[in-house]
Amino acid sequence: MTKKVLAIYYSQSGQLGEIIDNFTTPLEAAGASVEKHRVRLVNEPNFPWTADTFFSVMPDCQLDVPAEIQPFDLKEKKYDLVVLGYQPWFLSPSIPFNSFMQDEGLRAVLKDTPVITVTGCRNMWLNAFVRVKKLIKAAEANHVGNIALVDTHPNPVSFVTIFHWMLHGKKDRYLNIFPPPGVADADIKNAKAFGQTVIPHLDDDNWEELQDELDKQKAVVLNYNLMIIEGVAGKIFRVWANIIAKKKNKLPWIRAFKYYLLIAFFVGAPIVVTIDAILFRFTSPKRIKARKQHFLNLN
Ligand SMILES: Cc1cc2nc3c(=O)[nH]c(=O)nc-3n(C[C@H](O)[C@H](O)[C@H](O)COP(=O)(O)O)c2cc1C
(Lines give C-alpha, C1' and ligand atoms only; values in the text may rest on other atoms or scores of the structure.)
Protein backbone atom coordinates (compact mmCIF):
# COMPACT_ATOMS: atom_id res chain seq x y z
CA MET A 1 0.00 0.00 0.00
CA THR A 2 1.48 3.37 -0.97
CA LYS A 3 -0.95 5.55 0.95
CA LYS A 4 0.03 8.62 2.91
CA VAL A 5 -1.44 9.15 6.36
CA LEU A 6 -1.07 12.15 8.64
CA ALA A 7 -1.83 11.74 12.36
CA ILE A 8 -1.94 15.03 14.23
CA TYR A 9 -2.83 15.47 17.88
CA TYR A 10 -2.03 17.13 21.17
CA SER A 11 -1.34 15.09 24.28
CA GLN A 12 -0.31 16.43 27.63
CA SER A 13 0.34 13.20 29.54
CA GLY A 14 1.05 11.11 26.45
CA GLN A 15 -2.16 9.05 26.71
CA LEU A 16 -3.64 10.21 23.42
CA GLY A 17 -0.22 9.75 21.80
CA GLU A 18 -0.22 6.09 22.90
CA ILE A 19 -3.71 5.61 21.47
CA ILE A 20 -2.67 7.16 18.16
CA ASP A 21 0.49 5.01 18.08
CA ASN A 22 -1.51 1.82 18.56
CA PHE A 23 -4.16 2.89 16.06
CA THR A 24 -1.60 3.66 13.34
CA THR A 25 0.64 0.60 13.90
CA PRO A 26 -1.42 -1.70 11.59
CA LEU A 27 -1.50 1.00 8.90
CA GLU A 28 2.29 1.21 8.94
CA ALA A 29 2.55 -2.59 8.94
CA ALA A 30 0.33 -2.63 5.84
CA GLY A 31 2.81 -0.35 4.07
CA ALA A 32 1.21 3.08 4.51
CA SER A 33 3.58 5.93 5.33
CA VAL A 34 2.37 7.49 8.56
CA GLU A 35 3.56 10.98 9.51
CA LYS A 36 2.83 11.87 13.15
CA HIS A 37 2.79 15.31 14.72
CA ARG A 38 2.36 15.95 18.44
CA VAL A 39 1.45 19.63 18.52
CA ARG A 40 2.61 21.77 21.43
CA LEU A 41 1.53 25.18 22.68
CA VAL A 42 4.00 28.05 22.93
CA ASN A 43 2.94 28.37 26.57
CA GLU A 44 2.37 24.77 27.58
CA PRO A 45 0.28 24.43 30.76
CA ASN A 46 2.35 22.83 33.54
CA PHE A 47 1.63 19.17 34.15
CA PRO A 48 0.60 18.30 36.78
CA TRP A 49 -1.84 21.17 37.05
CA THR A 50 -2.68 23.11 40.18
CA ALA A 51 -6.40 23.31 40.94
CA ASP A 52 -6.40 27.02 40.02
CA THR A 53 -4.63 26.58 36.66
CA PHE A 54 -6.82 23.57 35.82
CA PHE A 55 -10.10 25.41 36.35
CA SER A 56 -8.79 28.69 34.89
CA VAL A 57 -8.81 27.26 31.33
CA MET A 58 -12.55 26.58 31.45
CA PRO A 59 -13.73 29.92 29.97
CA ASP A 60 -11.33 29.77 27.01
CA CYS A 61 -12.34 26.15 26.35
CA GLN A 62 -16.02 26.99 26.37
CA LEU A 63 -15.62 30.20 24.35
CA ASP A 64 -13.24 28.69 21.75
CA VAL A 65 -10.37 31.07 22.49
CA PRO A 66 -7.29 29.68 20.71
CA ALA A 67 -3.71 29.81 22.03
CA GLU A 68 -0.45 30.16 20.12
CA ILE A 69 0.95 26.83 18.94
CA GLN A 70 4.57 25.94 18.20
CA PRO A 71 5.01 25.93 14.42
CA PHE A 72 5.06 22.55 12.69
CA ASP A 73 5.87 21.59 9.10
CA LEU A 74 3.90 18.98 7.20
CA LYS A 75 5.92 16.91 4.73
CA GLU A 76 3.15 16.60 2.15
CA LYS A 77 0.57 18.91 0.60
CA LYS A 78 -2.04 16.13 0.46
CA TYR A 79 -2.67 12.90 2.36
CA ASP A 80 -4.97 9.94 1.70
CA LEU A 81 -6.16 10.05 5.31
CA VAL A 82 -5.78 12.43 8.25
CA VAL A 83 -6.19 11.12 11.81
CA LEU A 84 -7.20 13.96 14.12
CA GLY A 85 -6.59 13.27 17.81
CA TYR A 86 -8.57 15.48 20.18
CA GLN A 87 -9.46 15.47 23.86
CA PRO A 88 -12.35 17.25 25.57
CA TRP A 89 -11.50 19.90 28.13
CA PHE A 90 -14.52 21.15 30.07
CA LEU A 91 -16.93 19.58 27.58
CA SER A 92 -15.24 21.48 24.72
CA PRO A 93 -12.49 20.66 22.24
CA SER A 94 -9.25 21.19 24.20
CA ILE A 95 -7.57 24.57 23.68
CA PRO A 96 -4.57 22.98 21.88
CA PHE A 97 -6.84 21.06 19.51
CA ASN A 98 -8.99 24.09 18.78
CA SER A 99 -5.80 26.09 18.20
CA PHE A 100 -4.13 23.77 15.70
CA MET A 101 -7.41 23.44 13.82
CA GLN A 102 -7.06 27.17 13.02
CA ASP A 103 -3.70 26.58 11.29
CA GLU A 104 -3.99 27.59 7.63
CA GLY A 105 -1.50 24.94 6.41
CA LEU A 106 -3.40 22.15 8.15
CA ARG A 107 -6.75 23.41 6.91
CA ALA A 108 -5.45 23.36 3.33
CA VAL A 109 -4.36 19.75 3.86
CA LEU A 110 -7.72 18.82 5.37
CA LYS A 111 -9.76 20.18 2.45
CA ASP A 112 -11.52 17.29 0.65
CA THR A 113 -9.47 14.74 2.64
CA PRO A 114 -10.91 11.78 4.59
CA VAL A 115 -10.62 12.37 8.34
CA ILE A 116 -10.91 9.95 11.27
CA THR A 117 -11.30 11.46 14.73
CA VAL A 118 -9.82 9.71 17.77
CA THR A 119 -10.32 10.75 21.37
CA GLY A 120 -9.07 9.48 24.71
CA CYS A 121 -10.89 11.07 27.63
CA ARG A 122 -12.63 10.54 30.97
CA ASN A 123 -16.13 9.87 29.63
CA MET A 124 -17.74 13.14 28.53
CA TRP A 125 -16.87 13.83 24.92
CA LEU A 126 -20.24 14.40 23.22
CA ASN A 127 -20.48 18.21 23.40
CA ALA A 128 -16.85 18.51 22.34
CA PHE A 129 -17.47 16.14 19.45
CA VAL A 130 -20.31 18.29 18.10
CA ARG A 131 -17.87 21.22 17.99
CA VAL A 132 -15.06 19.11 16.54
CA LYS A 133 -17.45 18.15 13.72
CA LYS A 134 -18.05 21.86 13.06
CA LEU A 135 -14.29 22.50 12.85
CA ILE A 136 -13.92 19.61 10.40
CA LYS A 137 -16.79 20.93 8.32
CA ALA A 138 -15.30 24.44 8.32
CA ALA A 139 -12.07 22.94 6.94
CA GLU A 140 -14.16 21.22 4.21
CA ALA A 141 -12.77 17.81 5.16
CA ASN A 142 -14.62 14.55 4.73
CA HIS A 143 -15.31 13.02 8.17
CA VAL A 144 -15.33 9.25 7.66
CA GLY A 145 -14.80 7.72 11.09
CA ASN A 146 -14.84 8.30 14.82
CA ILE A 147 -13.27 6.42 17.73
CA ALA A 148 -13.90 7.41 21.35
CA LEU A 149 -11.92 5.72 24.12
CA VAL A 150 -13.09 6.49 27.64
CA ASP A 151 -12.48 5.57 31.26
CA THR A 152 -15.16 2.91 31.73
CA HIS A 153 -15.30 3.08 35.54
CA PRO A 154 -18.44 4.54 37.16
CA ASN A 155 -18.76 8.30 36.70
CA PRO A 156 -18.05 9.32 40.35
CA VAL A 157 -15.00 7.03 40.45
CA SER A 158 -13.42 8.44 37.28
CA PHE A 159 -14.22 11.97 38.52
CA VAL A 160 -12.08 11.36 41.61
CA THR A 161 -9.30 9.52 39.81
CA ILE A 162 -8.90 12.04 36.98
CA PHE A 163 -8.30 14.81 39.52
CA HIS A 164 -5.72 12.62 41.24
CA TRP A 165 -4.01 12.15 37.87
CA MET A 166 -4.26 15.77 36.67
CA LEU A 167 -3.21 17.32 40.00
CA HIS A 168 -0.45 14.81 40.88
CA GLY A 169 0.78 13.90 37.41
CA LYS A 170 0.80 10.11 37.87
CA LYS A 171 -1.59 7.70 36.22
CA ASP A 172 -1.59 5.48 39.29
CA ARG A 173 -4.11 4.23 41.87
CA TYR A 174 -5.29 6.96 44.23
CA LEU A 175 -4.79 5.83 47.88
CA ASN A 176 -4.22 2.32 46.51
CA ILE A 177 -8.00 1.96 46.68
CA PHE A 178 -9.22 3.55 43.45
CA PRO A 179 -8.59 2.04 40.01
CA PRO A 180 -6.00 3.67 37.73
CA PRO A 181 -7.34 6.80 35.99
CA GLY A 182 -7.93 7.40 32.31
CA VAL A 183 -8.34 4.95 29.44
CA ALA A 184 -7.40 1.39 30.50
CA ASP A 185 -4.12 0.03 29.12
CA ALA A 186 -5.97 -2.85 27.44
CA ASP A 187 -8.27 -0.40 25.62
CA ILE A 188 -5.29 1.71 24.54
CA LYS A 189 -3.63 -1.40 23.07
CA ASN A 190 -6.91 -2.47 21.49
CA ALA A 191 -6.84 0.70 19.33
CA LYS A 192 -4.77 -1.50 17.00
CA ALA A 193 -7.94 -3.42 16.13
CA PHE A 194 -9.57 -0.20 14.88
CA GLY A 195 -6.51 0.56 12.78
CA GLN A 196 -6.77 -2.89 11.27
CA THR A 197 -10.38 -2.19 10.30
CA VAL A 198 -9.34 0.99 8.48
CA ILE A 199 -6.83 -0.76 6.17
CA PRO A 200 -9.17 -2.01 3.39
CA HIS A 201 -11.01 1.33 3.36
CA LEU A 202 -7.76 3.23 2.99
CA ASP A 203 -6.60 0.82 0.33
CA ASP A 204 -9.79 1.24 -1.76
CA ASP A 205 -10.42 4.88 -0.80
CA ASN A 206 -13.96 3.75 0.00
CA TRP A 207 -15.12 4.87 3.42
CA GLU A 208 -18.81 4.07 3.26
CA GLU A 209 -19.11 1.20 5.71
CA LEU A 210 -16.21 2.17 7.98
CA GLN A 211 -18.17 3.68 10.88
CA ASP A 212 -20.63 0.76 10.95
CA GLU A 213 -17.69 -1.63 11.27
CA LEU A 214 -16.08 0.51 13.97
CA ASP A 215 -19.39 0.66 15.86
CA LYS A 216 -19.61 -3.15 15.79
CA GLN A 217 -16.15 -3.22 17.38
CA LYS A 218 -17.44 -0.82 20.05
CA ALA A 219 -15.16 2.01 18.94
CA VAL A 220 -17.95 4.33 20.12
CA VAL A 221 -20.24 3.45 23.01
CA LEU A 222 -22.83 6.02 24.03
CA ASN A 223 -23.91 6.17 27.68
CA TYR A 224 -27.45 7.53 28.05
CA ASN A 225 -27.10 9.03 31.56
CA LEU A 226 -23.85 10.77 30.65
CA MET A 227 -25.51 12.18 27.54
CA ILE A 228 -28.24 13.70 29.73
CA ILE A 229 -25.75 15.15 32.23
CA GLU A 230 -23.60 16.64 29.46
CA GLY A 231 -26.62 18.22 27.80
CA VAL A 232 -27.44 20.19 30.96
CA ALA A 233 -23.84 20.80 32.10
CA GLY A 234 -22.73 22.15 28.72
CA LYS A 235 -25.32 24.96 28.87
CA ILE A 236 -24.45 25.88 32.47
CA PHE A 237 -20.68 25.85 31.81
CA ARG A 238 -21.21 28.34 29.00
CA VAL A 239 -23.07 30.73 31.31
CA TRP A 240 -20.21 30.53 33.82
CA ALA A 241 -17.64 31.03 31.03
CA ASN A 242 -19.35 34.18 29.81
CA ILE A 243 -19.58 35.59 33.32
CA ILE A 244 -15.94 34.78 34.20
CA ALA A 245 -14.58 36.08 30.87
CA LYS A 246 -15.96 39.56 31.68
CA LYS A 247 -14.42 39.73 35.19
CA LYS A 248 -11.19 41.64 35.76
CA ASN A 249 -10.24 39.56 38.78
CA LYS A 250 -11.09 36.08 37.59
CA LEU A 251 -9.60 33.95 40.36
CA PRO A 252 -12.45 34.17 42.91
CA TRP A 253 -14.90 33.28 40.13
CA ILE A 254 -12.76 30.37 38.95
CA ARG A 255 -12.74 29.06 42.53
CA ALA A 256 -16.51 29.55 42.81
CA PHE A 257 -16.91 27.52 39.60
CA LYS A 258 -14.77 24.75 41.11
CA TYR A 259 -17.09 24.46 44.13
CA TYR A 260 -20.13 24.73 41.88
CA LEU A 261 -18.78 21.81 39.82
CA LEU A 262 -18.32 19.61 42.88
CA ILE A 263 -21.87 20.25 44.07
CA ALA A 264 -23.33 19.95 40.56
CA PHE A 265 -21.52 16.66 40.02
CA PHE A 266 -22.38 14.90 43.25
CA VAL A 267 -25.82 16.45 43.92
CA GLY A 268 -27.15 18.01 40.70
CA ALA A 269 -26.25 15.25 38.25
CA PRO A 270 -28.09 12.42 40.09
CA ILE A 271 -31.17 14.68 40.35
CA VAL A 272 -31.05 15.48 36.61
CA VAL A 273 -30.74 11.79 35.72
CA THR A 274 -33.64 10.86 38.03
CA ILE A 275 -35.94 13.56 36.64
CA ASP A 276 -35.08 12.53 33.09
CA ALA A 277 -35.79 8.88 33.92
CA ILE A 278 -39.21 9.78 35.35
CA LEU A 279 -40.22 12.13 32.54
CA PHE A 280 -38.61 10.80 29.35
CA ARG A 281 -36.50 7.70 29.53
CA PHE A 282 -39.25 5.16 29.09
CA THR A 283 -41.88 7.36 27.45
CA SER A 284 -40.01 9.02 24.58
CA PRO A 285 -37.96 6.31 22.84
CA LYS A 286 -38.07 8.11 19.47
CA ARG A 287 -36.79 11.37 20.95
CA ILE A 288 -34.01 9.54 22.76
CA LYS A 289 -33.00 7.66 19.63
CA ALA A 290 -32.84 10.92 17.66
CA ARG A 291 -30.68 12.55 20.36
CA LYS A 292 -28.29 9.61 20.40
CA GLN A 293 -28.07 9.67 16.62
CA HIS A 294 -27.24 13.38 16.70
CA PHE A 295 -24.08 12.52 18.62
CA LEU A 296 -23.22 9.42 16.59
CA ASN A 297 -23.56 11.04 13.15
CA LEU A 298 -20.37 12.16 11.52
CA ASN A 299 -21.92 15.19 9.81
C1 LIG B 1 -8.49 20.98 31.70
C2 LIG B 1 -9.03 19.59 31.43
C3 LIG B 1 -10.38 19.41 31.30
C4 LIG B 1 -10.89 18.13 31.00
N5 LIG B 1 -12.23 17.99 30.76
C6 LIG B 1 -12.71 16.78 30.36
C7 LIG B 1 -14.07 16.64 29.97
O8 LIG B 1 -14.86 17.60 29.93
N9 LIG B 1 -14.51 15.40 29.62
C10 LIG B 1 -13.69 14.30 29.64
O11 LIG B 1 -14.16 13.22 29.33
N12 LIG B 1 -12.37 14.43 29.95
C13 LIG B 1 -11.86 15.63 30.31
N14 LIG B 1 -10.53 15.77 30.58
C15 LIG B 1 -9.60 14.62 30.37
C16 LIG B 1 -8.94 14.76 28.99
O17 LIG B 1 -9.91 14.69 27.98
C18 LIG B 1 -7.88 13.70 28.74
O19 LIG B 1 -8.39 12.43 28.82
C20 LIG B 1 -6.72 13.78 29.69
O21 LIG B 1 -6.35 15.12 29.89
C22 LIG B 1 -5.52 12.99 29.16
O23 LIG B 1 -5.25 13.42 27.84
P24 LIG B 1 -3.81 13.71 27.25
O25 LIG B 1 -3.56 12.66 26.23
O26 LIG B 1 -3.83 15.09 26.67
O27 LIG B 1 -2.84 13.63 28.39
C28 LIG B 1 -10.00 17.03 30.90
C29 LIG B 1 -8.63 17.23 31.07
C30 LIG B 1 -8.14 18.49 31.30
C31 LIG B 1 -6.65 18.68 31.43
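This is a predicted model: local features need pLDDT of at least 70, side-chain atom pairs count only at pLDDT 80 or more; totals for chains, interfaces and linings use all residues.
The domain assignment divides the chain into domain 1, residues 4-222, and domain 2, residues 225-296. Taken over C-alpha atoms, the centres of the two domains are separated by 23 Å. Contact between them involves 19 residues of domain 1 and 19 residues of domain 2. On the side of domain 1 that touches domain 2, at least two residues each come from α2 (51-56), α3 (58-62), α6 (126-138) and α7. The most is given by α2, with 4 residues. By residue class, this side of domain 1 comprises 13 nonpolar, 5 polar and 1 charged.

Strand β1 spans residues 4-9 and is mostly covered, with 5 of its 6 residues buried. Strand β1 is joined to two strands, each running parallel to β1: β2 (residues 33-38) through 6 bridges, and β3 (residues 81-86) through 5 bridges. Within the pairing with β2, Y9 has R38 as its bridge partner. Towards β3, V5 stands opposite L81. Together with α1, strands β1 and β2 form a β-α-β unit that is right-handed.

The ligand is surrounded by 21 residues, of which S13, L16, Q87, C121 and R122 are the closest. Two or more residues of this shell are given by each of α1 (15-29), β4 (88-89), β6 (114-121) and α7 (155-168). The shell residues divide into 12 nonpolar, 8 polar and 1 charged.

Terms used: Residues are numbered from 1 along each chain as its sequence is written. A residue is near a molecule or strand if its C-beta atom, placed from the backbone, lies within 6 Å of it. Ala, Val, Leu, Ile, Met, Phe, Trp, Tyr, Cys and Pro count as nonpolar, Asp, Glu, Lys and Arg as charged, and the others, Gly among them, as polar. A residue is buried if 20 or more other C-beta atoms lie within 10 Å of its own, exposed if 12 or fewer, and partly exposed in between; C-beta atoms are placed from the backbone. Two strands pair if DSSP finds at least two bridges between them. A crossover is right-handed if, with the strands pointing away from the viewer, the path from the first strand over the helix to the second runs clockwise. Domain bounds come from an automatic or database domain assignment. Two residues are in contact if their C-beta atoms, placed from the backbone, lie within 7 Å.
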